[in-house]
Structure formats: structure tokens, C-alpha cells
Amino acid sequence: MGAVSARLPVFPWDRLEPYKATAAAHADGIVDLSVGTPVDPVPPLIQKALADASDSPGYPTVWGTPALRDALTGWAGRRLGATGLAHENVLPVVGSKELVAWLPTQLGLGAGDKVAYPRLAYPTYEVGARLAGAEPVVYDTPWELDPAGLKLLWLNSPSNPTGRVLSAEDLRRTVSWAREHGILVFSDECYLELGWESDPVSVLHPEVNGGSYDGIVAVHSLSKRSNLAGYRAAFVAGDAAVLGELLQIRKHGGMMIPAPVQAATIAALGDDAHVAEQRERYARRRAALRTAFEAAGFRIEHSEASLYLWATRDEPCWDTVGDLSKRGILVAPGEFYGPAGERFVRIAFTATDERVAAAVRRLAE
């Protein structure tokens with residue numbers, strides 16, 4: 001256990017438990033705006049597809065069924081503008097967090113290699129580097145990094161936690177710089193369909209990559225767009241050579257999406273109506289929470305996309321967390337996402353309408 005503790009940071013959410021207990025003691029119950037887990041129902045057509053495929057006694061394949069690969073390439077072409085994708089350009093994964101955490105190891109990175117990610121970022125980018133024994137490196141502007149030893153560059157647009165969206169020009173410049181230096185780019189785009197004040201662009205779009213997928217891979221998830229966090233349904237798309245290597249490694253590791261989940265993924269990607277309906281729910285909750293937090297003295301920065309408000313009262317984040325927990329509201333401390341977030345909190349709008357209304361009332365008291 002000591003060796004694990006030396007390699008990895010403390011699991012951040014464990015540190016939030018005392019504040020969660022305080023919030024849960026509120027007379028009207030907790031309003032949990034911390035983790036960002038979906039709370040709305042899985043759309044019926046997806047549930048039906050899962051149930052219809054439940055009699056699946058045999059092993060699924062790591063690469064997925066041809067029908068699943070058709071769904072992945074078709075959706076990426078329709079939604080992301082990715083042209084000419086073949087089955088070799090896509091690979092299903094068992095939830096995007098698994099992919100992020102184990103990617104450096106599966107790429108064969110280790111001592112002497114560097115993995116770069118944004119200064120404010122999802123903590124699993126750092127965890128993945130440390131699990132592989134590689135050196136984690138943070139950046140503000142990717143093309144200003146020292147390329148020496150840098151093997152993997154993570155992009156995240158829209159950002160978790162800030163909701164910031166990178167422009168097509170910034171993405172294009174980053175991809176060009178990374179190719180010049182032989183650095184592999186993985187772009188975490190799990191919130192791409194949740195743009196509010198900005199229209200996020202994928203690295204798979206030809207305006208960004210010049211019509212070539214060389215050296216680039218995009219990561220997508222159905223957890224947020226389709227309320228499928230419990231299904232662990234995600235995929236990557238891009239450079240066929242990179243994905244071919246990952247496919248072989250993942251075959252050896254038995255990293256298979258269950259057959260019923262593959263069927264559910266096909267149904268989810270083939271239907272846009274439920275995504276629009278869920279976006280409307282989130283838009284209402286976002287507007288209500290933003291208005292309430294701003295009226296309560298918070299300043300919201302970025303937050304033009306994703307499922308979060310990046311907010312501050314210009315005080316240490318744990319003070320903000322503690323104060324809100326006494327009102328029965330639980331938020332995530334910005335420190336979880338790097339030292340640069342130490343005076344911010346991340347507010348998820350993945351609570352029910354009733355709980356969001358409760359938070360609005362409490363903030364006005």
C-alpha cells in the first residue's frame with residue numbers, strides 16, 4: 001500500500017466526505033452539485049436496446065460488433081464533421097476514465113517520458129502518467145511546452161472543470177505543433193455536445209487536422225449526453241495506427257464492453273432527440289443556478305460549455321465548500337483540479353429540478 005500511496009495522490013473525493021456529511025444533515029436534505037453524475041432517466045429506446053440484447057451468453061469482442069463500429073463512424077461523421085472514417089479509426093472503451101487512466105501504460109510510456117495536460121484539469125490525466133511511471137507536466141499553452149521527452153499531450157475542450165472551449169485556431173495550432181515534434185495528441189471531448197455560449201469543435205474536424213488523422217485521437221463518452229454513466233459506454237476515434245496498437249493490447253487485457261451495452265450504444269448514437277431533450281433540462285438548471293450563485297456574490301468564469309459552473313468568491317475553495325455545506329449544498333473544491341483552482345469551486349448542474357430549486361432557495365436566504 002505504501003508504494004501505491006507514493007505513486008498516486010490521495011483520491012480527491014475522499015477528502016470531501018466530511019462536508020458531504022454536513023450537507024446531508026440539512027433539514028431539507030443534501031443538494032449534491034459535486035460529482036456531476038447524471039440523475040435523469042436513461043432514455044427508453046436505450047433501455048429497450050439493452051434489454052433486447054440481454055440474452056448474450058458469449059464473449060463480446062474488444063473491437064465491438066460491426067454494427068457498433070458503423071454507429072461510431074456514422075455519428076462522428078455526422079456530429080463532428082469527421083470525414084472518411086473507417087472501422088480501423090474507431091475503438092470502443094469501457095468508459096472514458098478507464099481509457100484516460102491506463103492510456104500511458106498501454107502506449108508503453110514510462111521513465112523518461114512526459115505526459116502533458118492543462119494546468120486546470122481532470123485529475124486522472126496526472127494519475128495515468130504516474131501509473132505508467134512517466135512524468136506529468138502541466139501547461140497553459142501547449143505549443144509553449146518543451147517538446148523534449150514529451151510523448152503524449154492531452155487536450156480537454158470543453159474543459160472539466162472550467163467549461164472553457166478551445167477555438168478551432170488554437171486546436172489547429174496545437175495539432176500542427178505536436179505533429180512537428182512527433183507528439184501524440186489525445187483530445188478529451190466528452191462534453192462536446194454541451195456547448196452553451198460556444199460551439200465546441202473536435203480535433204477530428206478537417207478544419208483542425210487538415211483532413212488527416214495522423215497523430216490525433218478524440219475521446220468521447222455517452223455518460224453525460226445520454227445519461228449512461230452507469231453503462232460505461234465510450235469510444236476513441238482517430239489515428240488508425242495508434243488505435244490498432246491499442247486494440248491488440250486491449251485484447252490481451254480483456255477490455256470488452258458488454259454486448260448489451262454495445263447494443264445500447266448503437267441505439268443512443270442513432271437518436272438525437274433524447275440528446276436535445278437532455279440539453280434542455282441542463283440549460284434550465286444551468287440558468288437557474290448561475291443566476292442564484294451570482295446573486296449570492298459568486299463570480300462565474302468561463303463555463304461556456306460542459307456541465308459545470310466555475311465559480312469563486314475570491315476566498316480559499318475549502319472555505320466556500322464549508323460554507324455551502326452548512327446550507328446543505330455540496331460542491332467540488334477547485335483544488336481537486338490543480339493548485340490554480342484553489343480559490344474556485346466547481347458547481348455541477350446534474351441535480352434534479354427539485355434539488356436545483358432547493359439550492360436556489362437556500363442561496364437566497
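This is a predicted model: local features need pLDDT of at least 70, side-chain atom pairs count only at pLDDT 80 or more; totals for chains, interfaces and linings use all residues.
## The four-stranded sheet

Four strands form an open sheet in the order β9-β10-β13-β12, and their pairing is antiparallel. At the edges lie β9 (299-301) and β12 (332-333), each of which pairs on one side only.

Three bridges join β9 to β10 (residues 308-312) in the antiparallel sense. Glu301 has Trp310 of β10 as its bridge partner. Helix α11, spanning residues 273-295, packs on this sheet and touches β9, β10 and β13 (345-348). The direction of α11 makes about 5 degrees with that of β10.

## The largest pocket

The largest pocket holds about 980 Å³ of space. Its lining comprises 42 residues, and those nearest the centre are Trp13, Lys97, Tyr122, Pro123 and Thr124. Two or more lining residues come from each of α5 (96-106), β3 (114-118) and α6 (124-132). Of the elements, α6 gives the most, with four residues.

Sorted by class, the lining of the largest pocket has 24 nonpolar residues, nine polar and nine charged.

## The second largest pocket

In the second largest pocket there is about 370 Å³ of space. This pocket is lined by 18 residues, with Pro118, Tyr139, Asp140, Arg164 and Leu166 closest to its centre. The elements giving two or more residues to this lining are β5 (150-156) and α7 (168-180).

The lining of the second largest pocket divides into eight nonpolar, six polar and four charged residues.

Note on methods. Residues are numbered from 1 along each chain as its sequence is written. Side-chain values use heavy atoms; hydrogens and water are left out. Two strands pair if DSSP finds at least two bridges between them. Contact means heavy atoms within 4.5 Å. Axes are lines fitted to C-alpha atoms, for helices over the stretch in contact, and angles run from 0 to 180 degrees between N-to-C directions. On a 1 Å grid over the protein atoms alone, a cavity is a set of points where a 1.4 Å probe fits but cannot get out, and a pocket is an open set with protein on both sides within 12 Å along at least five of seven lines; lining residues have an atom within 4 Å of a point. Grid points are joined across faces, edges and corners, and a volume is the space filled by probe spheres set on the points. Ala, Val, Leu, Ile, Met, Phe, Trp, Tyr, Cys and Pro count as nonpolar, Asp, Glu, Lys and Arg as charged, and the others, Gly among them, as polar.
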